[in-house]
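Dear colleague,

I am passing on the structure we spoke about, with the sequence alongside. My notes on what was found in it follow below.

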Amino acid sequence: MATVSVSKGVFSFKRSKANKRKEAASTTLDYWTECDEDTRDRSYKNYVKCWQMVTNILHDLQSSVHAKVFEDLVHFIKNARKNCSIKASENHIESMQGQNDIPTACLVTGVNMPDHEAIFESLVRLLADGVTPHIAQLHSRDCNTLRSAMHKMITQLMGQNDLVDLDDEVMIGPSIKRRQINMTVLTSWYKECTDVLTQEKNSSKLRGSTQKATILCNDETCKAVTSPRKAVASPRKAVASPHKAVASPRKAVASPRKTVASPRKAVASPHKAVTSQFKAVASPLKAMASPHKAMSSSLMAIASPHKTVGSSCKEMGSPSIAMKSFSNNGSPQKKIKLSKETSLPTEDDHQPLVVILEDVESFPMNVLHDLILICSEHHCDLPFVFVFGVATTPAAVHRSLSQNVSACIAMETFQAEPSTHFLNHVIEKVVMSDEVPFHIGGRPFKLLLDIFLYNDLSVKNFIKGLKLCMMQHFMNNSSAFLCCPAPERASVVRAMTPAQLDIIRKLPSFRSYVESCPPKEQAALLLEEKVCKATIRRLLNKLDCWYDCFCCLVKVVHALTSSLPQAPLGRQVREVLTTCLSHELVETEEFKEADKMLRLMAREELLPIVTNIIGILIEWVEKDENLLHLHDELSLMLGRLNSLDQLDQVNDNSITEEMQISIQSSDRFHLKEKLLEIAKKKYKKPNAYESLRSEVLQLLINAFEQLLKPVNKQPLHEVLFFDSSSMVKRHLVGMPRAALTTALSNPHHYLQCECCQLEDLSSVVPTLPDVSVAYKLHLECGRLINLYDWLQAFISVTEPEEDTSSKRTIDQKLQARFAQAVSELQFLGFVKPTRRKTDHVARLTWGGC
Amino acid sequence: METRAKSKFSVTFVDDNLVEKITNGTNGHTGTPIPLSQRGSGRLTMGSRTSAGDTIELPPLQEMDEEVVDIFYKPTELLGESPLKGSSVFGFCTPKKKWGMLEKAESVKKKYGSPSTPKTPKSSLKQYPSTPTTPKRPSTDSKSGFTTPRSTRRLSGVVQEVRTPYSFRKKVKQRINKIVFKEDSSSSDEEDDDDDDDDSSYSLSEPEDESKENIDFQEECIKTPGKTPKRTPLKHSKILSGTPGKKPTRVLEKGGRGRKIKDVEMVGKADDYFTSNGDTGKVVTSDHTLSRLETPRLSPEALQSILSSVATSHQREREALLEEHMHMFPRWMTFLCEGFSVFLYGLGSKKQLISKFQQEYLAQFDHIVVNGFFPSLTLKNLLNNITEDIIDHTGSFHSIQEQLEFIQGFYTKSSAESLFIIIHNLDGPMLRGEKSQSAIAHLASIPHVHILASIDHINAPLIFDSSRMSHYNALWCDATTLAPYSEETSFENSLLVQQSGSLALSSLIHVFRSLTPNAKGIFLLLAQHQLDQKDNSNYIGLSFNDMYQRCRELFLVNSDLTLRAQLTEFRDHKLIRSKKGLDGIENLVIPLDSNILHDFINQQESDKLS
């Protein structure tokens, strides 16, 4: 197990075959040791279930949240080519221009880089589903040179890439040699693809004859199958024949001999796929020897490529683009039936080649230039469509591309939804959901929000934090075994052992609940298992209901206060939720302020708000009677508000008169006092609307008071709510720098020894670790440090009795310790050697103590 | 001049009552829920605050007609309530004083030196020129302090360019802390005692120093109440409450390692950069060099041997720390299995800790250990180890990308077995680069690949950008061990260690094994000869002609060309060194100690026998 060596930096340890154990056993459960033994399995199961639920919800959300912009994008890509060809038919000169402009969609995704992967993933899925099988996804990390970028693009477009990856066994010759991957190959390949499509479409009428045609020309197919290299090696030849086929498709159908050229190729590629997976086909040599046999097997392969490829897709879990394209080639008939494209005019057989550049800004500029120029060169043959993922603004693309390059692209901008929008959905569907039994408490939720808003704006990281919270909850909280989906709860509670029951009984919230019960029940709860279990069940169900009601009221509060000036409670539901989760809403300063403003609200403003609130409440009325009650009363008041007539017009006159009187007074001070007085008087006489308004508000506030209690007031909240942020924070927000400087300046913080306590952080004690002493001394210096002086200072700190400054000899031990300390500081990046002065080091940090 | 200074200046502290008023005022103000943005814009509120505190309650109507500004959403959970919390970690200091370091060391000496040999402060000052007399610190500096009119002492905000020594400022801060703290904590008797000690300790210092301190201190006084009358005391009180204070630790010392270590807090103070780098003045350091010592540099071997003999301090506490971290192992493993990476940070070598983890938990899995601090590590090494040793793949790859894709393809399969990658020092010199980082991040994002890494460099987090970080999907763990970085630093060319070009025995044996039998013979012959001559102090090496003659006799070479070719190879591997003698004849030496050579020959003989 030695991992120390002067000649090697990497050591691999392959698991010995002897102690190979069942893979199934090595799950997380083995390490789930922090909670009690008997609740462990249950908690883990609950965790897995909860997380599964959340991932499912998120998965649905992911595709739906960008639905709008994706719809536009897909529409754009679908029509990109058509626009071009229409232009071409209309006007010849214009067509020249139109042909060279590559339609480009510029998808502005925002600065939340971590989320982009998921966005593009769902975009690709969407495109592959209905638009085109030819999609290439390029990352800047793969495209450092033009060659690698081209290779990546072409292999992906042709669907070669995945093949290479899947082939663990010997490949039957690399499908296409690296060097031969170029635009010519792509062009010819694409021609054949489209030919197959057009041809098959024609042949759907004359299905029988085409089949025959394929069978007739067995010798050629055979060659194609056995020596794909050859087929590719002479792309010219291959190109030559399809040209003819294109020229006269009808003729091609008429003379079966010529049509072969294209299906041959189509066969060649799925064949490879099949061999790699099934090894049904013998080695190429054998195939050469007995062409007939090979032919039959390859025909089998042709006959069932769709099936096999389809099944392999399923096996892989994520249907790859490549496979899709094969299935299209392999069973064009099916494809025709499936896709709507084919019902459109013939131009649409030219499926666009979509090239997605996920992070355009970080591409090397010269590569991007050349890539675009090359693509535009071939644009007449190959209908490219670019999709640029831009994190900043579309202007960034223009700024970085030179004029002649940006002239080649016709860019259209699409704005993706901001990540806050997605976050709101996540909060709505996951955090405030009634399906997921796990809920997050106020402090961790605030922490996750803070990280989101102040660090990265990334929903992915928010979800990561959520997952960590969930893990923490199920791992550390022994009562979490009860935190299961509501339908299962009955059985779980029934199956509780006495020990588990004790865990619940020990929960502080349950204890305080017991104490609030009458004495008789108290005894029953503590002693009788049945009573206790029934109570637990009841309480948990109640907690669920309460949370539903809570979430609804949070939305009500949001509707009520979000439009207020300065929005004291925040403009987003999440902000209201944070406040409500951890504080009693009615008590908070923010709410009091909002209340003040609400009490001054005009009728025109209040009416829509109340209608809005009723709209929110109506969804929940069946679930909770409190809400039903609230809803009914509010509707009544809304009716009254609407029918309110202007009774108090008369009163106003007197006030205005009074005002006029007061204005006459000359003294400023008096005027002020009078005005205040008037204001007070006015306040004293509320009109009908005002009294009604305060009635409405009072009703709502009473409801808030009653139902919007913070989480930790609820009995058994520990089971469902996770409410500690420190542990999560420690793991999510790493503070390597602070930890390092703290350990250096105050080692006592970590060591907790008796000798190293410091009165203040800048003082030095001889017993400190060497590196700490050296660190503290170096803090006193400027940008350069004299090693000799440093050494002397070090010695006088560590060995105060010794006076070595004049001597030439010093204790070797001390010198060695100092040398080690300095090289550690160098390793940590505080100092580095410098040549500016002999025996000096440069200091690399500033400040600190 | 010095005596005059002494007579003229006296230290006056800010009145307790005044401070109390100030803190109460500010506290009272922050208690109101008026948002920050509003506070700045409302001129009226400002005025009322300064004049009469917060007694005037403004009618709500007046606030309404201000422009609509949202209340800032404050990251209270992320950064804590007070933005100043933890600023002590990155507090301001960096006096560029010539003798700052030595003075500090001296002060410690004074404090902890044995009472039997009391040293007069004068003697220490004889060795180092006292600060005011250094040419870098012109006397006008101190004069400006003297000439300040007394009347400005309290309130004028005269900004003076005199640099205050760091330690002194610290003391002042402490004093202010104390003043503020007195009101907060009634049970601060202990601290008072401490401070009394402090007083006595620096009132004892000799007059010159004192006068200087007085000046500085006075300036501090002027600045503190004059310029920032409100904030300073408040800030200090917050610092105190924010940092791991004295009181909790004191309680704990009896219980030993009773509790978990508190989290550290941090807030960077970027402004300090400009204060420390703003003036482009020359750096002031002494001209001493290490050659003043008898042994300026230790040899690496000597260093190792000495260090191994030195007992490490705090052994028990370190073990306790390690023990504490080992309790986290199941948690790490859980994180890893759930698809997170784990990053360990903190002072001290984490190699031992991680090796323990590896032994206890990873024996059942395929895993790879990468020494990031290894100076000739390459990304290719890492990937090759995965593809060749773990996957048993025999093909070669055109590029790193292709290899990565292959690995990804292999490990995305649901049937794939987990692979754990342990990286000691993810921030190591060879892994810092853009390319290797993105490759490793890519590895980390593969489903069945799990990464556990340690980082040590102070600026390490800078190598992770947000998208890379999300690929890593990392969770941070504080794993401060305070263990010496002996292995990690062994590759570093330290300044204080002799850089000998000599070979280590192990590498000699390594190269030797790859030689042909004849070449081995040639080398052994030379080695034997050198050993025979080890007592001869005038030995300059075996001359080429002699060498040739001897080799011929033993049938090791047939022409001098072959011998020359052989010697060139040795020279390339640094096995031998050739020197031209006085007579122009080439002499060959093996640049090794005779005892190492002896070991080597013995080993070769024993190998031959076995």
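A word on angles before the details: axes are lines fitted to C-alpha atoms, for helices over the stretch in contact, and angles run from 0 to 180 degrees between N-to-C directions. Please also keep in mind that this is a predicted model.

With that in hand, helix H24 (residues 442-456) of chain A and helix H31 (residues 573-582) of chain A pack at an angle of about 150°, their axes lying 8 Å apart. Since angles over 145 degrees count as roughly antiparallel, H24(A) and H31(A) are therefore roughly antiparallel to each other, and their crossing is left-handed. On the H24(A) side the contact is made by A:Gly442, A:Phe445, A:Lys446, A:Leu449 and A:Leu453, and on the H31(A) side by A:Arg574, A:Leu577, A:Thr578, A:Leu581 and A:Ser582.

Chain A also holds an open sheet of 5 strands, in the order E3-E4-E5-E2-E6, with parallel pairing. Its edge strands, each of which pairs on one side only, are E3 (135-138) and E6 (409-415), and the twist from one strand to the next averages 20°. Helix H5 (residues 146-158) of chain A packs on this sheet, where it touches E3, E4 (353-357) and E5 (384-390), and its direction makes about 150° with that of E3(A). Strand E2 (residues 102-108) of chain A pairs with E6(A) over 7 bridges in the parallel sense, and A:Val108 has A:Gln415 as its bridge partner in E6(A).

In chain B, 6 of the 6 residues of strand E4 (residues 449-454) are buried, so this strand is largely enclosed by the rest of the structure. B:Val449, B:Ile451 and B:Ala453 point one way from E4(B), while B:His450, B:Leu452 and B:Ser454 point the other way. E4(B) pairs in the parallel sense with strand E1 (residues 341-345) of chain B over 3 bridges, with B:Leu344 opposite B:Ser454, and likewise in the parallel sense with strand E3 (residues 419-424) of chain B over 5 bridges, with B:Ile422 opposite B:Leu452.

Finally, the nonpolar cores. In the largest, which has 146 residues, A:Leu482, A:Phe510, A:Ile536, A:Phe704 and B:Trp332 touch the most other members; its largest share, 17 residues, comes from helix H30 (residues 529-561) of chain A. Beyond its neighbours within four places in sequence, A:Phe510 is in contact with A:Ile504, A:Arg505, A:Leu525, A:Cys532, A:Ile536, A:Leu539 and A:Leu716. A second, separate core of 92 residues includes A:Leu814, A:Val841, B:Ile368 and B:Leu404.

With best wishes

Technical notes:
Residues numbered from 1 in each chain as written. Chains lettered and ligands numbered in written order. Predicted model: local features only at pLDDT ≥ 70, side-chain atom pairs only at ≥ 80, totals over all residues. Heavy atoms only, no water. Core = buried A, V, L, I, M, F, W, Y, C linked by side-chain atoms within 4.5 Å. Buried < 20%, exposed > 50% of the residue type's maximum accessible area, 1.4 Å probe, protein only. Helix = DSSP H or I, 4+ residues; strand = E, 2+ residues; numbered from the N terminus. Contact = heavy atoms within 4.5 Å. Pairing = 2+ DSSP bridges. Parallel < 35°, antiparallel > 145°, perpendicular 65-115°, else oblique. Left-handed = near helix turned anticlockwise from the far one by under 90°.
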